[in-house]
Amino acid sequence: MNGINAITSKRYFVPLVLLAVLILLAAMPQYAPPYIVILFISIFMYVILSMSWAAFCGPTNYISLATAAFFGIGVYTSAILQELSLPVIIVIGGLLSLLLGLLVGLIALRLRGMYFIIFTFGLSELFRHVMIYYEINITGTAGRWLTFLDPVIVFYYMLGILLATLLVTYFLKRSKYGLALQSIGESEEASAHIGINVNMVKIFAFAITCFFMGAAGVVMATRWSYIDPRLAFNPFLSFYPVVMALFGGIGRFYGPVLGAVIITILSDMVLAKFPLYNILLLGLIFIVVIIFLPHGLVGLIRGGDKEAPPPLGGIKLGGGKGFETVRKRLKLRKG
Amino acid sequence: MKQAADREPPSAACSMLAIKKKGRVVITAILDIVIAGLIMGGIFALIAVGLNLQYGVARVLNLAHGEFIMLGAFGAYLLYVLFGISPLISLVICAPFMFLIAFGIHRLLFQHLRMSSKSIAAFEGSSLLVAFGLSFVLQNAAALAFGSTTKAYSYLTQSVTLAGAMFAANRLVALLFSVAFCLIIYLFLAHTRIGKAIRATAQALDTAQLVGVNVYMVLGISFGLGAVLAGLAGALISMTLSISAYMGLQYIIIALIVIVLGGLGNIIGSLIGGFILGIVGSAVMYFNPGLTMASYYILFLIILLVRPTGILGR
């Protein structure tokens with residue numbers, strides 16, 4: 001009896017379930033039809049993107065719309081260096097993305113609120129235009145072909161990157177740096193006063209999340225087998241992770257995972273039946289979520305947790321408005 | 001022409017002639033750049049003034065602004081192709097529709113969000129994301145309704161010579177109209193009763209409410225007016241350039257750059273910023289068309305780093 005109680009207690013239950021899920025996933029290509037394996041590749045991709053988006057943007061309230069830029073860097077690294085072996089390219093692509101994240105962080109994280117959002121929104125567009133220019137004027141190509149990889153291999157690589165993302169974001173959140181990020185999100189000025197090196201923490205956390213976006217891009221390029229700048233720097237790739245993370249809820253660690261899995265499956269089903277309405281539906285879900293479900297699915301599940309401030313509450317504008325962010329429960333009030 | 005001037009034989013008279021010729025070439029090139037820049041800048045200014053009105057008053061940084069431009073452009077295109085109505089007349093037809101659509105969207109989405117947001121900063125963040133979602137919805141709906149191919153029609157394409165440079169008449173008409181619309185909106189804000197209510201709401205919402213301004217109506221009206229300007233800009237763009245359901249993205253980026261350049265919330269700043277960006281863009285286009293967008297972005301980066309409040313910001 002005692003042993004069963006110990007197993008069902010929360011301490012062992014969660015890791016055991018996670019282990020079981022992992023084993024099921026790892027064995028998937030053995031028992032599932034190829035279609036499901038391919039679906040899971042895109043699920044993995046979106047989980048990686050939305051997890052790494054939420055790991056930085058969730059606690060700090062800096063909304064980045066530049067996911068596509070970092071993903072695209074990975075995609076292009078993969079295309080340019082395709083003679084090397086895949087693990088090497090993954091590391092190189094991830095590191096390039098990380099370096100770029102450092103650079104962007106140095107420039108952009110001094111900006112706040114709206115300015116940061118505008119900056120990141122334009123960034124992937126800039127990359128797209130530079131890449132189109134590069135393709136047309138320097139290499140004289142429109143796009144690039146890659147050697148097609150077996151979906152099963154891609155599946156395992158994506159699973160590996162996914163695990164790495166989950167582990168790193170989990171330990172980042174639990175570490176003192178995660179706490180520092182949280183504190184920066186609540187009040188940047190106060191964090192600086194209690195001795196957090198605000199810029200350093202922000203820039204490094206941002207760059208680390210960029211690594212995984214880039215790594216995912218490298219593997220997905222081999223899955224697509226044809227790429228061009230419009231595919232690699234597609235603005236939807238900036239949009240989806242935000243939708244997924246907010247839909248799942250960025251208040252909890254598992255929120256973005258939940259959001260990414262549900263929306264990818266939903267969008268796949270819609271894509272199969274009404275291929276044209278896919279983005280329309282996603283956009284509508286997104287609008288409804290922001291307006292009516294500010295805590296995401298996590299907020300629904302943990303109904304009692306309304307005391308927590310809604311995410312995105314602390315978008316900071318220049319001029320010391322950061323202190324407005326400590327807020328209580330969301331209430332409708334008549335204007 | 002430049003190369004021809006360089007290849008003149010090196011006799012004294014000829015080289016004098018060459019220098020003169022070269023000078024004239026340079027002057028024509030500069031005129032070309034400036035006038036083409038003003039023409040682009042007029043449209044940019046109109047777009048940015050609309051976006052700035054929405055952000056400055058309704059506090060919605062409307063990432064779907066480009067889609068409103070696209071709707072205006074398709075309105076003018078369809079009226080011209082189906083009924084042969086001149087785009088200049090469809091400006092008048094499109095405007096009220098754009099206003100109603102945007103007013104409705106504000107009522108339906110943003111007003112609720114505004115009421116339920118605890119702080120204005122929270123509202124700005126979530127309204128931006130809602131607008132981002134809206135842009136995808138409108139873009140997709142337009143692609144379904146009008147098809148996803150690029151479309152164009154020709155209207156007033158005869159060329160006009162202006163200070164030695166040749167331009168299509170429709171571009172000059174677009175410039176005149178966009179400047180006129182900017183002036184009209186400025187005078188409207190400065191002198192009419194509703195305009196004063198809009199400015200009061202932008203400055204201090206609570207106080208405006210205290211003196212009897214129906215603020216949610218005013219927020220809706222200014223959001224609607226911003227969309228009207230976008231629609232008008234779209235109709236003017238449709239006369240001069242090709243349009244598609246996906247055209248919004250490039251214009252929203254330009255509009256964002258212009259309003260940062262001029263200062264967030266500053267309408268005169270947007271007007272000036274629009275022309276600056278237009279001239280920079282046309283200068284880069286003259287030398288290397290592929291890098292126009294990159295040059296806008298570099299300008300944007302410099303402004304953000306050197307003077308994030310914009311050229312006319314406080």
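Select chain B and colour it by secondary structure: you'll find 12 helices and 2 strands. Helices here are DSSP runs of H or I with at least four residues, strands are runs of E with at least two, and both are numbered from the N terminus. Walk along the sequence and the pattern reads α-α-α-α-α-β-β-α-α-α-α-α-α-α.

Before you go on, note that this is a predicted model, in which local features need pLDDT of at least 70 and side-chain atom pairs count only at pLDDT 80 or more, while totals for chains, interfaces and linings use all residues. Residues are numbered from 1 along each chain as its sequence is written, and chains are lettered from A and ligands numbered from 1 in the order in which they are written.

**Stop 1: the whole of chain B**

Zoom out. Along the principal axes, the C-alpha atoms of chain B fill a box of roughly 80 × 50 × 35 Å.

**Stop 2: two helices in chain B**

Now select residues 87–116 of chain B, which are helix α4, and residues 215–240, which are helix α9. They pack at an angle of about 140 degrees, with their axes 7 Å apart. Axes are lines fitted to C-alpha atoms, for helices over the stretch in contact, and angles run from 0 to 180 degrees between N-to-C directions. That makes α4(B) oblique to α9(B). The cut-offs: under 35 degrees is roughly parallel, over 145 roughly antiparallel, 65 to 115 roughly perpendicular, and the rest oblique.

Which way do they cross? α4(B) passes α9(B) in a right-handed crossing. A crossing is right-handed if the near helix is turned clockwise from the far one by less than a right angle, and left-handed if anticlockwise. Their contact has 18 nonpolar, 7 polar and 1 charged residues. (Ala, Val, Leu, Ile, Met, Phe, Trp, Tyr, Cys and Pro count as nonpolar, Asp, Glu, Lys and Arg as charged, and the others, Gly among them, as polar.)

**Stop 3: a helix pair in chain A**

Hop over to chain A and pick helix α5 (residues 67–80) and helix α11 (residues 198–224). Their axes are 7 Å apart and the angle is about 45 degrees, so α5(A) and α11(A) are oblique to each other. This crossing is right-handed. Show the side chains: among those meeting here are Phe70(A), Phe71(A) and Ile73(A) from α5(A), with Met213(A), Val218(A) and Met220(A) from α11(A). The contact splits into 12 nonpolar, 8 polar and no charged residues.

**Stop 4: the domains of chain A**

Colour residues 47–234 as domain 1 and 236–299 as domain 2; such bounds come from an automatic or database domain assignment. Their C-alpha centres lie 20 Å apart. Where they touch, 16 residues of domain 1 are in contact with 15 residues of domain 2. Contact means that the C-beta atoms, placed from the backbone, lie within 7 Å. On the domain 1 side, α4(A) gives the largest share, 7 residues.

**Stop 5: where the chains meet**

Show both chains together. How many residues of chain A are in contact with chain B? There are 43, and they contact 39 residues of chain B. The largest share of the chain A side, 14 residues, comes from α7(A). That side divides into 29 nonpolar, 7 polar and 7 charged residues.

Finish by selecting α7(A) together with helix α12 of chain B (residues 292–306), whose axes are 9 Å apart at an angle of about 150 degrees. They are therefore roughly antiparallel to each other, and α7(A) passes α12(B) in a left-handed crossing. Look for Tyr115(A), Phe119(A) and Leu126(A), among others, meeting residues that include Tyr297(B), Phe300(B) and Leu304(B).

Note on methods: Contact = placed C-beta atoms within 7 Å.
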